[in-house]
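Try each task before you read its solution.

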Amino acid sequence: MRGADESGQGTKRADTKRPKDQKPRSRQRMALARKTSELRLALAPRWREIRFDLHLMSKSVTSTAGVVLIVMLAIVAIFPFLFAAPPPGRDPFIIPVNFDPQYVNPLPPSAKFPLGTDADAASIYYGVIWGARISMTFAIEVVLIGAGMGLVLGLFAGYLGGIVDEVIMRLTDVFLSIPGLILVIAICAVLGRGLEATKIALLATWWSGYTRLIRGSVLSVRENSYIDAARASGTGELKIMFRHILPNSWTPVIVEATMDMGTVVLVLAGLSFLGLGAPLGYAEWGIMVQTGHLYLVSGYWWTIVFPGLAILTFVLAFNLMGDGLRDVLDPKMRR
Amino acid sequence: MLIGVSILTFFIIRLAGNPAFQYLPAHPNPQQIEGVIKQYHLDEPVYVQYFYWANGVLHGDLGWSKTAKMSVSDAIGQKFPATFELALLSTAIAVAIGIFMGTRAAVHANSAEDQGARLVALVGVSLPVFWLGLILLMVFYAGLHVLPSPDGQASLHFDPSTLRVHTHFLLIDTLLSGNVPYFVDVVAHLILPSITLAFASTAIIIRMMRSSMLEVLGSEYVRTARSKGLPESVVIRKHARRNALIPTTTVIGLTFGGLLSGAVLTETVFSWGGLGQWAGDAAQNLDTAGIMGFTLLTAIVYVLANLVVDVVYAFLDPRVRLG
């Protein structure tokens, strides 16, 4: 690929010297055609690999189920207004309420409120729909940033070794020696209530697992002879780290990150249930279960069941997909 | 490692703002503020304050918990048995079910039973703990009226001070005191919380047991045992399962830490009155001393659990030698 790149550059430079001549242009086109065919050739094995992965995934029942569920959730999260229109001019993430005395008690599922209501006509259906968007964006942000931080730290620790490794890994060990939820609770309690505070608290802890994971695989990838070859040919350290080592060591992180999408939502819901995450009245599933739980004995089951089912579906979807991905991406398990 | 945890927790406390307000009345006068600052060495540099704090911690002084209305170390001492009883019982449940189902799944790999176990494991890690607790309560307490309401370890009309034995573990206390109705009541209160808490660990143990069992079943000594003509049940029980238990033990130790975080939510749902509920209350009421005490305690328990696992490991696997 590299050679094709340079020859392409060469013809271009020759063109600029004789811009009016027709012949070089056709030569340029030929060079371009050669370049694309070489590119296709170079990508062919990778594409074949991806197709094979996809084929394996489609054969696994669990990951197919996971993908279908995730696509459905993503549609709801991207277009929630199609399923439940928010009242104009209000924050759509706050469930609309009606303080009319006839709505004081929760109402059972009906045509107007498909999943019933909480007190003051707060529609459970509305909350479940908009909660998908809250959970999805929250999980994506935490997992992407957390995994990114972990990748970089783990890469530096594993590749550079020595004092850098020592410092990063001792810090990681400290964070890993406290069970995740408890550390998050502690930080949340200090930062106060709210989704932003919860996000910061989760980010402050979430990188540590990825760091350890990526460091482990970097340590083994580092010993490969193609890394020596790259170094011998004068490739810069940073380029070796990000172009040669990283792409070969992030497979376990992909599986972990997929499953963590669900775990993050579980933690968020748990924090909200404790009164630390989303504020009251928000379309967030944990706080909805929390408000519903006041009616435990009154028989208003829908206030608890539906938001909880939403959490379960979301988390299960990502766990199913992660489970399938692990089988596909782990070379020992396949073929 | 514990030093690192202590520095981290101290750092988080200090993020919370001026700690002097923990010890002051709602509307303090300047002299009171001055006094508290002097008394707790708050006018010195932060790292010096850390050493004062660490010194206190080593002498059992973790500060005052305003939610428990007692000192943090007293609160931990008083609430620990309740949580320990719950955690121990749910670990027992998780280990029993997890090992049984994991073994079955591996022996009948790719059968309907295996897929079922896989689904149970996946749902287990996906269930919100607090929701599971609420659903169980809704069915067995509000719906069927077979189990008691979530009012802690026992019904309110029983008074623990009437018991003759005091280990603070209610199961043991009631049994040794011969108070049968009380004992039955305690057991009835334990059922739902321990099932709730056990669910997630069960799922993890099933997975681990299945994969290590599959690995062992493919090994040569299992083939040898089979070719000797041993009955399949003996091969599985004596040769395969025993060896598959070794990696599973590690996981059991690690789930113990997860159990403590699950305890925060489970105990809150069931008003259990143990460490978890206290931590939840403390978190809601900005009781930083309480939260930090709990965080530090969990870290210690976690490290201890890992230590126990290492020792058990050496016992199970003679190839591992300690020291």
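Predicted model: local features only at pLDDT ≥ 70, side-chain atom pairs only at ≥ 80, totals over all residues.

Residues are numbered from 1 along each chain as its sequence is written, with chains lettered from A and ligands numbered from 1 in the order in which they are written.

**Exercise 1.** Describe the side of chain A that touches chain B.

Step 1. Count contacts (C-beta atoms, placed from the backbone, within 7 Å). 38 residues of chain A meet 39 residues of chain B.

Step 2. Find the helices (DSSP runs of H or I, at least four residues, numbered from the N terminus). α6 (162–176), α7 (180–191), α11 (251–274) and α13 (302–329) of chain A each give at least two residues. The largest share, 10 residues, is from α7(A).

**Exercise 2.** Classify the packing of α4 (residues 72–107) and α11 (residues 275–284) of chain B.

Step 1. Take the axes, which are lines fitted to C-alpha atoms, for helices over the stretch in contact; angles run from 0 to 180 degrees between N-to-C directions. The axes come within 7 Å and cross at roughly 125 degrees.

Step 2. Apply the classes: under 35 degrees is roughly parallel, over 145 roughly antiparallel, 65 to 115 roughly perpendicular, the rest oblique. Therefore α4(B) and α11(B) are oblique to each other.

Step 3. List the contact residues. α4(B) uses B:A75, B:I76, B:K79, B:F80 and B:T83, while α11(B) uses B:L275, B:G276 and B:W278.

**Exercise 3.** Which residues does A:I185 touch, leaving out those up to four places away in sequence?

Step 1. Within chain A, the partners are A:L271 and A:L276.

Step 2. From chain B come B:V264, B:A279, B:A283 and B:I291.

Conventions:
Contact = placed C-beta atoms within 7 Å. Nonpolar A, V, L, I, M, F, W, Y, C, P; charged D, E, K, R; others polar.
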